[in-house]
Structure formats: C-alpha cells, structure tokens
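This briefing is for a reader new to the structure shown below.

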Amino acid sequence: MKIFHQWNGDGRRIAVARIADWQQELFGEEMQYGNSLSGRRRDEFIAGRSLARALLKQAGIAPVALPRRADGVTVWPEGFYGSISHSKQWVAAAVSHAPVGIDLEHIDRVRPALLARIATPAELRRLDGCDAIHRAIVFSAKEAYYKLQYPETGKQLGFLDAEVTSEDDGNIAIADARGGWRRIDDDLLLTAVWYEVN
C-alpha cells in the first residue's frame with residue numbers, strides 16, 4: 001500500500017494514493033453500505049476508508065470502522081474530523097483534531113464555461129485570463145469548503161455561497177476558512193481547507 005503524496009501540518013494528515021493500491025477489508029458498520037455498492041464506486045469507498053484508517057493509525061488510533069451517517073457524512077472516531085475525496089483512479093483522505101475538508105480535482109475538467117456557473121462576479125473578474133490551474137483551484141476549494149462545513153452545520157451550500165478571495169502560492173482563503181493546494185501531477189489538484197484559528 002503506497003501513499004503517492006502526503007501533506008502534514010498543524011495536526012492535519014492528508015494523503016493521496018491510487019485507488020487500486022488501497023483495497024482492504026471493510027470494518028464492522030462500513031460493510032453494510034460497502035456491500036451495497038459495486039464496481040468503481042465500491043473500490044472508491046474501500047480505498048477512502050482504508051487510506052483514512054492508515055492516517056488515523058499514524059495519529060495513534062487503532063483500526064476502526066468509519067461508517068456513514070444517513071446523510072452520507074463519515075463518522076470519525078471521537079476527537080477526530082476527516083474528509084475523503086475521489087477522482088478517477090485517485091483517492092485522498094484527511095484526518096485532523098479540527099474540521100477539515102478536502103477535494104481532488106482533475107485540472108482540465110474545469111473549463112471556462114463551468115467556471116462561469118460556479119464563480120461569483122468578483123472571482124470571475126480576478127480569474128479573467130488565468131490559466132486552468134486557477135480555475136480548478138477555485139472549483140476545488142468550493143468543494144472542499146462544502147465538505148468542511150456540512151458535517152457540522154448541515155447547510156446545503158451552492159457554489160455561489162462561498163467566495164474564494166485568494167488562491168496564490170499554494171494558499172487559499174475562502175469564506176471563513178483558509179487552506180492550501182498542491183499540484184499532485186500534471187492534471188491532478190489536491191485542495192484542503194480548515195477554519196481560521198483566532
């Protein structure tokens with residue numbers, strides 16, 4: 001089981017790996033949902049839980065089931081928060097003692113027409129003439145922000161409900177959160193966001 005990229009800091013552990021490399025057995029309560037899936041979706045579910053368990057183990061937590069709530073949110077061990085994302089053959093997981101949201105995105109997927117539907121007027125002005133990576137960062141940061149806030153608030157936010165105000169130099173500012181991004185390979189972007197600590 002190989003981790004392709006790991007990004008740790010401030011109590012957060014984030015990793016990216018190939019889905020095919022993380023096909024382990026499901027635990028307890030995960031099995032019912034996992035066994036209801038088939039094909040690629042089942043492989044994604046298994047890989048996400050397996051990679052998250054590996055990060056929890058790095059944090060000193062024995063292997064544990066990571067079931068889903070009725071609304072699809074992962075249930076993390078007490079004292080931990082996390083996030084899981086998939087994109088084509090890749091999986092990413094994050095664990096932390098504070099809320100965190102992540103997203104994996106293929107850079108070429110975020111075309112100007114998609115950006116026009118998901119970006120605020122201020123974002124569109126700032127991104128006018130920008131390259132594909134900046135379009136992808138804005139899209140991915142919004143996806144990660146949704147995963148950050150939803151488990152706690154239950155708010156169904158749209159893309160226009162959170163504005164990315166900065167995405168330069170590997171850092172992100174979005175709504176009441178901050179974070180970062182990493183280019184994993186030529187066409188793969190990892191974005192992570194967390195709340196500002198005052």
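Two strands count as paired if DSSP finds at least two bridges between them. Helices (H or I, at least four residues) and strands (E, at least two) are DSSP runs, numbered from the N terminus. The model is predicted: local features need pLDDT of at least 70, side-chain atom pairs count only at pLDDT 80 or more, and totals for chains, interfaces and linings use all residues. Residues are numbered from 1 along each chain as its sequence is written, and side-chain values use heavy atoms, with hydrogens and water left out.

**The sheet**

- Strand 2 (residues 12-18) and strand 4 (residues 90-96) are paired in the antiparallel sense over six bridges.
- Within this pairing, Ile14 has Ala94 of strand 4 as its bridge partner.
- An open sheet is formed by four strands in the order 1-2-4-3, with antiparallel pairing.
- Strand 1 (5-9) and strand 3 (81-87) are the edge strands, each pairing on one side only.
- On average, neighbouring strands of this sheet are turned by 10° against each other, direction ignored; axes are lines fitted to C-alpha atoms, for helices over the stretch in contact, and angles run from 0 to 180 degrees between N-to-C directions.
- Strands of a sheet pair through backbone hydrogen bonds, either parallel or antiparallel.

**The helices**

- Helix 2 (residues 39-58) lies across strand 1, strand 2, strand 3 and strand 4, and runs at about 35° to strand 4.
- Helix 5 (residues 132-153) has 22 residues and spans 31 Å from its first C-alpha to its last, close to the 32 Å expected at 1.5 Å a residue; the expected span is 1.5 Å times one less than the number of residues.

**Glu105**

- Glu105 is located in strand 5 (residues 100-106).
- Glu105 has a relative accessible area of 5%, so it is buried (under 20%; exposed is over 50% and partly exposed in between, with a 1.4 Å probe and protein chains only).
- The side chains of Glu105 and Arg109 are joined by a polar contact of 2.6 Å (a pair of N or O atoms within 3.5 Å; within protein, one must be able to donate a hydrogen and the other to accept it, and residues adjacent in sequence count only if both atoms are side-chain atoms).
- Not counting residues up to four places away in sequence, Glu105 touches Ser87, Val110, Phe139, Ser140, Asp187, Leu188 and Leu189; contact means heavy atoms within 4.5 Å.

**Gly79**

- Gly79 sits in the loop between helix 2 and strand 3.
- With a relative accessible area of 45%, Gly79 is partly exposed.
- Gly79 and His97 are 18 residues apart along the chain, and their C-alpha atoms are separated by 5.9 Å.
- Leaving aside neighbours within four places in sequence, Gly79 is in contact with Ser96 and His97.
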